[in-house]
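Today I'd like to go through the salt bridges in this model. Please have the sequence and the structure open while I talk.

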Amino acid sequence: MAKKKGSIVYKCSECSYTQPGWLGRCPECGAWNTMEECIVDPNAAGFQKKSDGTVAKVRPVPMSKISMQDEGRIPTGNVELDRVLGGGATKRSAILVGGEPGIGKSTLLIQCAAAVLASSGNGRVLYVSGEESASQVKGRAVRLGLDVDRLEILCTLRLEDVLDALTSLSPLMVIVDSIQTVYSVEAGMIPGTVNQLKYCANELISWVKERDSVLFMTCHVTKDGAIAGPKSLEHMVDTVLSFERSGDEVRFLRAQKNRFGSVDELGIFQMDSDGLKCVADPSSLFVTRRKSGTPAGVACVPVFEGSRVFVVEIQALTVPSKASISRVYSDRVDSARVSRVAAVLEKRVGLKFSDQDLYINVAGGVRLTESAIDAALAAALYSARTDVPLPEGTLVVGELSLAGEIRPVTKLRQRVKTARELSFSRVIGPSFENTGESVESLGELVAALFGGKK
């Protein structure tokens, strides 16, 4: 009797005999109480679906009967990547890595594959390449000086080939480069369509969820930097990582979504002939070491990115506006924040910015979003407008209110500690407890930095 799609059948767990109704004893093998309720579902993932097209029917379980288990993590061998992931790649998780072409996604993942192979003993790593040939992948590994002799590589676009390889190898880590090149005949013949992405990603994620493996998938991005394809792809995975470029060598890695860790961490890399290298001291990228003194318009601030503090340099320039209205040019700091700080300076200190074009830059190209940079931004703008530099070895930190108050920020003690380690002799900010120089208003900040000069 043909089984109808979506119909309920009862299958013997001993001999797999099926029939439409429940029986206490299997007519085929004679076993008692072995008939289990199943549903005919041809759309189920391959590892769940039996050869006859049925899957076991899942029933709800009380939360009180569920035991909490530590999923465990696999170190990737890359300190910055492990930091962004929350301590390593979590087993049975799917990770999506996006970034513009040539930024280093494939380089990062093949470096991780080599590190995992070196530390796992007999573990296997499968590298699925849909964009490059096997010789190209090996050429990159040789050029980077990586030992990938045990790396299994599969150059294919067909999902069915990938699933067969996964079943036969049971790898510890799976890398798919990229998911937008994979297609299945079940969803059409053209890779990259919405149905293909959803279907292929679902099959791969379903496979890894039942095993102690980690799935990395690279993906293309649009010209605006957003991940190309349906938004549901980002919902399906556990972690979404975004690669950003600053200049020719510096790379930033952020987590836009992370079910197993924080999304506040920032991974910093430098690209050279040996591949991506972790940056141990981020402040070396963001603070310029000068022999002739700090110029006007430059202020340094300690910022938090996840669990660590580093010092960055905010640079400001003001020039007379050539149009009837002033403009703000700022890529790394929100232009609305710059306009607000300039307005508070004009109102509370009396320094005119409404006839000036404002240019704001952050050394090293890191993007700043926290409110703790307000006071340093105000100091940089004041310095640029008056052409008076800040005192040497000075850091400024604090949130600026519309009333001109310097408000407290979180983790001041850690910020000051980092400043001392980097040889900054003076830290000015709000409500310090014997750790820095306290100011309560914008006027006090100006007086402390510039002696009241305008």
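Start with Glu100 and Arg245, which form a salt bridge with their closest N and O atoms 2.8 Å apart. By salt bridge I mean a side-chain nitrogen of Lys or Arg within 4 Å of a carboxyl oxygen of Asp or Glu. Glu100 sits in the loop between β7 (93–98) and α2 (105–120) and Arg245 in strand β12 (residues 239–246), so this pair ties together parts 145 residues apart in sequence. Helices (H or I, at least four residues) and strands (E, at least two) are DSSP runs, numbered from the N terminus.

This is a predicted model: local features need pLDDT of at least 70, side-chain atom pairs count only at pLDDT 80 or more, and totals for chains, interfaces and linings use all residues. Residues are numbered from 1 along each chain as its sequence is written, and side-chain values use heavy atoms, with hydrogens and water left out.

On accessibility, Glu100 is partly exposed at 35%, and Arg245 is partly exposed at 29%. Buried means under 20% relative accessible area, exposed over 50%, and partly exposed in between (1.4 Å probe, protein chains only).

Next, Arg415 and Glu370 form a salt bridge, with the closest N and O atoms 3.1 Å apart. Arg415 is in helix α10 (residues 412–421) and Glu370 in the loop between β19 (356–362) and α9 (374–386), so the parts they tie together are 45 residues apart in sequence. Are these two residues buried or exposed? Both Arg415 and Glu370 are buried.

Finally, the whole structure has 17 salt bridges.
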